[in-house]
Amino acid sequence: MTANSTLIMFWGAALILSLLLALIVISPWLRRTKIRQTLIDLNISVFRERLAELESDYQQAKLGTQEYQGQKVDLERQLIAAADHDVARVQKDQLGRRVSVQHSARLPKIIILIVFLWVPVFTLGAYFLWSLHKRAEHTALVGFWSAQDQYGKIAEQLMTGQINTPPADATEHGIALLQALQANIYQHPLEAKRWVVLSQTYMAAEAMEPALATLAHAYRLNPEDDDIAMTYAQMRFFSEQGKIDDVALSLVQHILSKNPNHEGALMLMAMATYRAHLYDDAINWLQRLKAVRIARATPDQPINPAILAQLNTAIEDAKQARMQVAKSQADSTLTITVQLADSLVSKITARDTLFVYIRAAEGVPAPYAVKKLTGPVLMNQLSHHQPLELTLSDQDSMLTDRTISSAHRQGTPLIVAARVSKSSNPTGESGDLESLPVPLDDRLRYTVDVDQVRP
């Protein structure tokens, strides 16, 4: 069936329905008019019955000639009187019901024919007028029908695995093919594999959100299918720009609990840990993957040297990255000495809190590293003019992507400062004891003097 045949069927059905409607409209006019019996008709009938009785009685000699003539005249007078009284056109019959006297004539045939022809015209005209306001929906509907006619069979072949890729002409009309696939999936809503195929089509169209939604539905339909679970985890991983979220991590862990040597799960964990800068874990996952590949090699099917070389290169890259992180962390570990001015010793109490932090010299005040210290012993040390020494490093960062090392790599100027808070509020309040910011350079040791009172 082609798109043209579908349109012909539509317009044919519309015309037939319009003609049927027209026939219904004119059907009352095609019936023969039933003329109700008026009161005069009833009186004539009664007159004839009474007259027949009189004649019967007269012939049987029950009535004399004079009596017969007199009663006959009376009947004729009653009939004339009834005819004169019928001018009201609404009378009561013998049962007491109102009888409407109507004299209706059939419409001319030409008028009935005009009505019959104009009903379809008005109906189709109303449809076109309505379609002017619904042109977009109408176009979409026609396009949907055309897609079913042209690509419905191809969609079924893709869904059932009879073909792996659509023909070239179908690929050029991606929207029509997608509509055919959507229609197919709603005919088989409980088949998880069809939802996977639809998800792959969305991915090819770079529609990541519907691709994730359809793949999630496929996983809910068949959560024990490792291929579907792995595909879902990978898609979530790449949609998060290389970060493995809780859902993807749970999927991979479930797969590995059933099959510890699942290569796809091992590779995904290696990539996730490497991108999270967890290089020790990444090396472990890569070594496990390498061992699985080697164990599965046979004399007939040896391991591909290129794959083995890629794994070795990835392991070495992770080791190099681990060394660089260790060196960077060593370089980013700073020793800070905090001293309290003599004039502020009397303002120290055991309930105060000391904040020592490193932040950008300009811009966002969020710290790259911070330590919070409290306790009577700490405050007693400061109040007795004993300097307090501590270290700040990447381990003291509140955000994994906002560290001292990352600031050095980006060339962001940093400062170190200290504040004694009376309310333990990290943002600072009036009455807190503060130091002036000390710019950081290549040194690893700095001294911070708390000698200011915040106004």
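Reader: What makes A192, W195 and V196 in α8 count as meeting residues in α9?

Author: Contact means heavy atoms within 4.5 Å, and in α8 A192, W195, V196, L198, S199, Y202 and M203 meet P210, A211, T214, L215, H217, A218 and L221 of α9. Helices here are DSSP runs of H or I with at least four residues, numbered from the N terminus. This is a predicted model, in which local features need pLDDT of at least 70, side-chain atom pairs count only at pLDDT 80 or more, and totals for chains, interfaces and linings use all residues. Residues are numbered from 1 along each chain as its sequence is written, and side-chain values use heavy atoms, leaving out hydrogens and water.

Reader: Why is α8 called roughly antiparallel to α9?

Author: The axes of α8 (residues 192-204) and α9 (residues 208-221) cross at roughly 165° and come within 8 Å. Axes are lines fitted to C-alpha atoms, for helices over the stretch in contact, and angles run from 0 to 180 degrees between N-to-C directions. Angles under 35 degrees count as roughly parallel, over 145 as roughly antiparallel, 65 to 115 as roughly perpendicular and the rest as oblique. Therefore α8 is roughly antiparallel to α9.

Reader: How do you know how α9 runs relative to α10?

Author: α9 and α10 (residues 226-239) pack at about 150°, with axes 9 Å apart. By the cut-off of over 145, α9 is therefore roughly antiparallel to α10.

Notes. Helix = DSSP H or I, 4+ residues; strand = E, 2+ residues; numbered from the N terminus.
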